[in-house]
Amino acid sequence: MRTDELIELLSTNVEPVDHRQTARSIHIAIAAGVIVALGVVFFALGPRTDLTSVGALIPALFKIAATAVLLIPASIFLIRLARPGGEHGTPTALIALPFIVIMVLAVISLASAPGSHWKGAILSDKWLECAISIPLIAIVPFAVITWAVRQMAPTDLARAGAFVGLVAGCVSAIGYALHCTGDSVPFFAVWYGGTIALCTFAGWKLGPKLLRW
Amino acid sequence: MRAGLRGDAAAYRFLLSRLSANLRAYYKGRLARIGRTATEAEDLTQEALMAIHARRHTYDPSAPLLPWVHAIARYKLIDHLRQTRASMSDLPIENAEDLVAQDDHAAIESAYDVKGMLNQLPDKMRRTIQLTKLEGLSVAEVASRCNMSESDVKVSVHRGMKALMASVARKRAPQ
């Protein structure tokens with residue numbers, strides 16, 4: 001085929017397209033991911049039973065808010081990365097800031113507690129369940145968001161994949177926070193931060209395969 | 001591009017032919033340096049044009065066009081080199097301006113046989129694509145000629161184009 005013919009083919013009766021679709025479908029995918037994560041927590045795991053008491057509600061809300069602080073900039077960066085050339089001028093390294101803040105808070109909290117309490121604060125009795133649940137719940141949101149990003153055209157696949165993983169991990173953690181009873185800040189920093197970082201790493205590895213176009 | 005996104009065919013065709021010259025020069029320059037043929041550059045030019053077309057909804061009209069095209073062109077080049085298992089280490093860091101630094105209008109035949117691929121499509125898709133895209137009839141004309149509704153024509157053209165691009169992509173993959 002000659003290139004002129006291809007140009008004719010592409011530009012005859014060209015259909016108008018809506019450029020706002022990019023951001024919209026990623027937003028919808030993230031929202032769908034949140035619904036799936038909440039659905040799993042409410043119907044499969046069950047929300048924590050003491051959610052009506054203030055003593056449980058405040059840590060749960062803290063965990064959700066802290067994760068949302070990570071989720072919102074991650075979504076904005078993801079939408080930029082989904083466009084060709086979006087990796088230029090997107091300060092993606094800034095996303096480490098919320099992680100660092102939570103780690104500092106965790107260290108402060110540990111420093112103010114006696115050394116004998118450290119093990120209980122970090123491990124709680126739920127650490128294994130948390131470490132397994134967040135990545136598991138993240139799988140479906142990850143698939144949905146990957147599908148949405150595939151409709152776009154990311155040109156830095158590893159980085160775009162990492163942000164898909166990060167967003168999916170945050171979505172999953174927000175849902176799981178309603179079930180989880182590990183309320184100390186160090187627990188949150190290690191197990192939520194760790195599993196979200198794990199999801200990010202998985203996305204970084206899978207991105208070049210899954211997002212190729 | 002803005003006019004093209006709204007569906008202005010003439011402006012869109014003008015843009016694509018301008019870009020094809022830039023893309024051809026870009027690919028020829030990059031590929032010649034590592035001892036690849038001009039046919040490969042032509043294949044890549046066509047692939048990049050198809051990518052620009054198929055992904056035109058990802059262009060943000062408030063942003064400059066050139067970096068967007070360059071990102072696609074570079075992505076397709078890297079993807080091609082990765083598939084043909086060549087080293088990417090000799091692809092220097094470049095600026096978006098490099099893309100329009102030269103023109104090359106000498107189009108040559110690429111390896112795709114569009115007619116052959118068209119023949120593999122289902123009857124309805126093939127016919128609507130031939131009439132709208134190759135013969136340039138309007139959607140309304142095609143609809144009355146084929147006894148289809150206008151939206152039906154649009155849907156089969158859209159699906160057919162998608163299938164066509166997928167078969168091009170499949171053809172490239174085994175290389």
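**Figure 1. Asn147(B), an exposed residue in a loop of chain B of the predicted model.** Asn147(B) counts as exposed because 7 other C-beta atoms lie within 10 Å of its own, and a residue is exposed at 12 or fewer. The residue is found in the loop that joins α7 (139–146) to α8 of chain B. Its backbone also deserves attention: Asn147(B) is not a glycine, yet it has a positive phi of about 55°. Most residues other than glycine have a negative phi.

**Figure 2. Leu70(A), a buried residue in helix α3 of chain A.** Is Leu70(A) buried or exposed? Leu70(A) is buried, because 24 other C-beta atoms lie within 10 Å, and a residue is buried at 20 or more. The helix that holds this leucine, α3, covers residues 54–81 of chain A. When its neighbours within four places in sequence are left aside, Leu70(A) is in contact with Pro98(A) and Cys170(A). Leu70(A) and Cys170(A) are 100 residues apart in sequence, whereas 7.2 Å separate their C-alpha atoms in space.

**Figure 3. Chain A, a chain of 8 helices and 0 strands.** In order from the N terminus, the elements of chain A read α-α-α-α-α-α-α-α. Taken along the principal axes, the box filled by the C-alpha atoms of chain A is roughly 75 × 35 × 25 Å. Of the 213 residues in chain A, 45% are buried. Among the contacts in chain A with a separation of 6 or more, 87% link residues 24 or more positions apart. The pair Leu70(A) and Cys170(A), in contact and 100 residues apart in sequence, illustrates such a link.

**Figure 4. Helix α4(B) and its buried residues.** How many residues does α4(B) have, and what span should they give? Helix α4(B) has 19 residues, which at 1.5 Å a residue should span 27 Å.

**Figure 5. The packing of α1(A) and α3(B).** Helix α1 of chain A, residues 3–11, packs with α3(B) at an angle of about 5°, and their axes are 10 Å apart. The two helices are therefore roughly parallel, since angles under 35 degrees count as such. From α1(A), the contact takes Thr3(A), Leu6(A), Ile7(A) and Leu10(A). From α3(B), it takes Glu42(B), Thr45(B), Gln46(B), Leu49(B) and His53(B). By class, the residues in this contact are 4 nonpolar, 4 polar and 1 charged. In an α-helix, residues three or four places apart point the same way, because there are 3.6 residues a turn.

**Figure 6. The side of chain B that touches chain A.** The contact between the chains takes 42 residues from chain B and 27 residues from chain A. On the side of chain B, the elements that give two or more residues are α1 (2–6), α2 (9–33), α3 (38–54), α4 (65–83), α6 (123–134) and α8 (150–172). The residues of this side divide into 17 nonpolar, 15 polar and 10 charged. Chain B is divided into domain 1 (2–100) and domain 2 (114–172). The centres of domain 1 of chain B and domain 2 of chain B, taken over C-alpha atoms, are separated by 25 Å.

Methods
Residues are numbered from 1 along each chain as its sequence is written. Chains are lettered from A and ligands numbered from 1 in the order in which they are written. This is a predicted model: local features need pLDDT of at least 70, side-chain atom pairs count only at pLDDT 80 or more; totals for chains, interfaces and linings use all residues. Helices (H or I, at least four residues) and strands (E, at least two) are DSSP runs, numbered from the N terminus. Two residues are in contact if their C-beta atoms, placed from the backbone, lie within 7 Å. Ala, Val, Leu, Ile, Met, Phe, Trp, Tyr, Cys and Pro count as nonpolar, Asp, Glu, Lys and Arg as charged, and the others, Gly among them, as polar. Domain bounds come from an automatic or database domain assignment. The expected span of a helix is 1.5 Å times one less than its number of residues. Axes are lines fitted to C-alpha atoms, for helices over the stretch in contact, and angles run from 0 to 180 degrees between N-to-C directions. Angles under 35 degrees count as roughly parallel, over 145 as roughly antiparallel, 65 to 115 as roughly perpendicular and the rest as oblique.
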